[in-house]
Amino acid sequence: MFVASYLTFMTIGGFPSFVEDMKVFERERLNGHYGATAFVFGNTFSALPYLALISLIPGAIVYYLPGLHEGYQHFIYFVLLLFACMLLVESLMMIVASLVPNYLTGIITGAGIQGLMILGGGFFRLPNDLPHPFWKYPLYYIAFHKYAYQGMFKNEFEGLKFDNNLDGEQVLRDKWQLQMGYSKWVDLAILFGMVVFYRLVFLGIIKTVEKMKPVVKAFMSVPMKQTTQIMENPCATPPQEDKIFYQ
């Protein structure tokens with residue numbers, strides 16, 4: 001839980017670079033170098049090697065020092081799930097950067113979204129104990145931490161045997177209240193599916209902003225109609241006709 005939450009939460013520190021990427025894209029898009037689709041694909045693939053290193057090196061340190069489940073297959077799954085979380089959070093922050101270009105506001109927004117997801121992910125409060133109106137429906141099911149926690153817990157506890165004829169599957173089902181109807185690989189697939197969805201949302205926002213900018217500029221360039229108001233001053237000198245009348 002700590003690795004899936006803390007390591008991904010630190011991705012917020014890269015928000016200023018996301019804002020700079022958006023500024024560079026806007027300038028190069030105006031010059032006709034490439035379109036929004038090429039930018040999204042290029043931004044995604046250029047980040048893959050760095051995110052892989054960030055997932056592999058800290059993942060290896062965290063996995064082997066406390067002596068987690070032995071076997072290279074479990075370690076590979078652990079690293080893949082970390083990689084999916086890192087890519088997903090970066091996609092989320094790109095969406096925030098496209099909507100909130102200000103550094104401070106964007107960092108606060110991204111931290112607030114992830115903070116809500118962590119609180120509703122099923123660790124600090126078990127899934128059956130979450131309040132239904134907001135924390136269980138819909139936050140628990142749309143928070144990627146739910147699937148990250150489930151995947152890591154299944155990866156560690158499945159196959160283990162404890163005292164009193166207790167096995168890892170019973171711990172996951174009864175103690176952690178996880179959904180055991182599908183395997184840990186389904187949780188990993190859901191995370192990668194959320195990555196694709198977030199990137200498509202990011203692409204849709206960019207295209208929508210491009211189409212709306214000319215409309216907004218045209219609306220702002222329309223001159224406002226000026227109205228002339230005539231105010232009567234009662235202290236002013238009356239006209240000549242009024243003087244004659246008064247006399």
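1. Where is the place of Thr 11? Thr 11 sits in the loop between helix H1 (2-9) and helix H2 (15-30). Helices (H or I, at least four residues) and strands (E, at least two) are DSSP runs, numbered from the N terminus. Thr 11 counts as buried because its relative accessibility is 10%. Buried means under 20% relative accessible area, exposed over 50%, partly exposed in between (1.4 Å probe, protein chains only).

2. On the basis of the model: it is predicted, so local features need pLDDT of at least 70 and side-chain atom pairs count only at pLDDT 80 or more, while totals for chains, interfaces and linings use all residues. Residues are numbered from 1 along each chain as its sequence is written, and side-chain values use heavy atoms, with hydrogens and water left out.

3. Overall make-up. The protein has 10 helices and zero strands. Of its 247 residues, 38% are buried.

4. Helix H5 covers residues 103-119. Its 17 residues should span 24 Å at 1.5 Å a residue, and the end C-alpha atoms are 24 Å apart, which agrees. The expected span is 1.5 Å times one less than the number of residues.

5. Faces of H5. Gly 106, Gly 110, Gln 114, Met 117 and Ile 118 are buried. Seen down the axis, the buried residues of H5 fall within an arc of 100 degrees, so they line one face of the helix. That arc is taken over the directions from the helix axis to the C-beta atoms. The face turned away from the buried side carries Leu 104 and Ile 108, both exposed.

6. Contacts of H5. At its start, a side-chain oxygen of Asn 102 comes within 3.1 Å of the backbone nitrogen of Leu 104. Gly 110 and Thr 11 are 99 residues apart in sequence, yet 9.6 Å apart in space, C-alpha to C-alpha.

7. Packing of H3 and H4. Helix H3 (residues 36-64) packs on helix H4 (residues 72-99) at about 135 degrees, with the axes 8 Å apart. Axes are lines fitted to C-alpha atoms, for helices over the stretch in contact, and angles run from 0 to 180 degrees between N-to-C directions. The two helices are therefore oblique to each other. Angles under 35 degrees count as roughly parallel, over 145 as roughly antiparallel, 65 to 115 as roughly perpendicular and the rest as oblique.

8. Ser 55 belongs to helix H3. Its relative accessibility is 0%, so Ser 55 counts as buried. The Ser 55 side chain reaches the backbone nitrogen of Phe 83 at 3.4 Å.

Technical notes:
Polar contact = N/O pair within 3.5 Å; in protein donor to acceptor, adjacent residues only side chain to side chain.
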